[in-house]
Amino acid sequence: MWILDRIEGGIAVIETEEGRLELPRQQLPPDVREGDVLVQTGSGIRVDAAETSRRREKIAERYRRLRSKP
């Protein structure tokens with residue numbers, strides 16, 4: 001799984017299972033956002049919308065639980 005960590009000066013910093021990867025921003029889809037889950041395909045890189053949604057919901061749920069603790 002690849003996760004877009006951030007974009008710095010035209011370079012996309014991606015966290016992978018093997019470590020950090022840096023790619024030119026233009027190699028990613030134009031609508032990519034930080035935190036998106038990316039998938040490499042034969043025709044390039046795309047956002048895995050379903051996995052990104054699951055990941056964002058999991059993070060939101062953790063945040064809600066932390067805020068509800070005394």
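Student: How many helices and strands are there in the chain?
Tutor: The chain has 1 helix and 5 strands. Keep in mind that this is a predicted model.

Student: What pattern do they follow along the sequence?
Tutor: Read along the sequence, it goes β-β-β-β-β-α. Helix 1 covers residues 49-68.

Student: OK, strands. How do strand 1 and strand 2 pair?
Tutor: They pair in the antiparallel sense, over 5 bridges.

Student: Which way do strand 1 and strand 4 run?
Tutor: Strand 1 (residues 2-8) and strand 4 (residues 37-41) run antiparallel. There are 2 bridges joining them. Ile-3 has Val-37 of strand 4 as its bridge partner. Trp-2 stands opposite Leu-38, also in strand 4.

Student: How many bridges join strand 4 to strand 5?
Tutor: There are 4, and these strands run antiparallel. Strand 5 spans residues 44-47. Thr-41 has Gly-44 in strand 5 as its bridge partner. Strand 4 and strand 5 form a hairpin too, with 2 residues between them.

Student: New topic. Which residues make up the largest nonpolar core?
Tutor: It has 9 residues in all: Trp-2, Leu-4, Ala-12, Ile-14, Leu-23, Leu-28, Val-32, Leu-38 and Ile-45. Strand 1 and strand 2 each supply at least two residues of this core.

Student: Let me pick Leu-4. What is Leu-4 in contact with, apart from its sequence neighbours?
Tutor: Leaving aside neighbours within four places in sequence, Leu-4 contacts several residues, including Ala-12, Ile-14, Leu-28, Val-32 and Leu-38.

Student: Now Thr-16. Where is Thr-16 found?
Tutor: Thr-16 is in strand 2, which spans residues 11-16.

Student: Is Thr-16 buried or exposed, and why?
Tutor: Thr-16 counts as buried because its relative accessibility is 16%, and the cut-off for buried is under 20%.

Student: What does the side chain of Thr-16 reach?
Tutor: It reaches the backbone nitrogen of Glu-18, at 3.1 Å. A polar atom of the Thr-16 side chain also lies 2.7 Å from the backbone oxygen of Gly-19.

Student: How far is the C-alpha of Thr-16 from that of Leu-4?
Tutor: The two C-alpha atoms are 9.0 Å apart. Along the chain, Thr-16 and Leu-4 are separated by 12 residues.

Student: Let's jump to the helix. Is Thr-52 buried or exposed, and why?
Tutor: Thr-52 sits in helix 1. Thr-52 counts as buried because its relative accessibility is 5%.

Student: What backbone atom lies 2.8 Å from its side chain?
Tutor: The backbone nitrogen of Val-37, which is 2.8 Å from a polar atom of the Thr-52 side chain. Val-37 is the strand 4 residue that partners Ile-3. Beyond four places in sequence, Thr-52 is in contact with Gly-35, Asp-36, Val-37 and Val-47.

Student: Zooming out, what radius of gyration does the chain have?
Tutor: The chain has 14 Å, while a compact globule of 70 residues would have a value near 11 Å. The C-alpha trace spans about 45 × 25 × 25 Å along its principal axes.

Student: And what share of the residues is buried?
Tutor: Buried residues make up 24% of the 70. The chain exposes about 5200 Å², and carbon and sulfur atoms supply 50% of that.

Student: Last one. Of the contacts between residues at least 6 apart, what share joins residues at least 24 apart?
Tutor: That share is 24%.

Note on methods: Residues numbered from 1 in each chain as written. Predicted model: local features only at pLDDT ≥ 70, side-chain atom pairs only at ≥ 80, totals over all residues. Heavy atoms only, no water. Buried < 20%, exposed > 50% of the residue type's maximum accessible area, 1.4 Å probe, protein only. Polar contact = N/O pair within 3.5 Å; in protein donor to acceptor, adjacent residues only side chain to side chain. Pairing = 2+ DSSP bridges. Core = buried A, V, L, I, M, F, W, Y, C linked by side-chain atoms within 4.5 Å. Contact = heavy atoms within 4.5 Å. Rg over C-alpha atoms; globule rule 2.2 N^0.38 Å. Areas by Shrake-Rupley, 256 points an atom, 1.4 Å probe, with all protein chains shown as cover.
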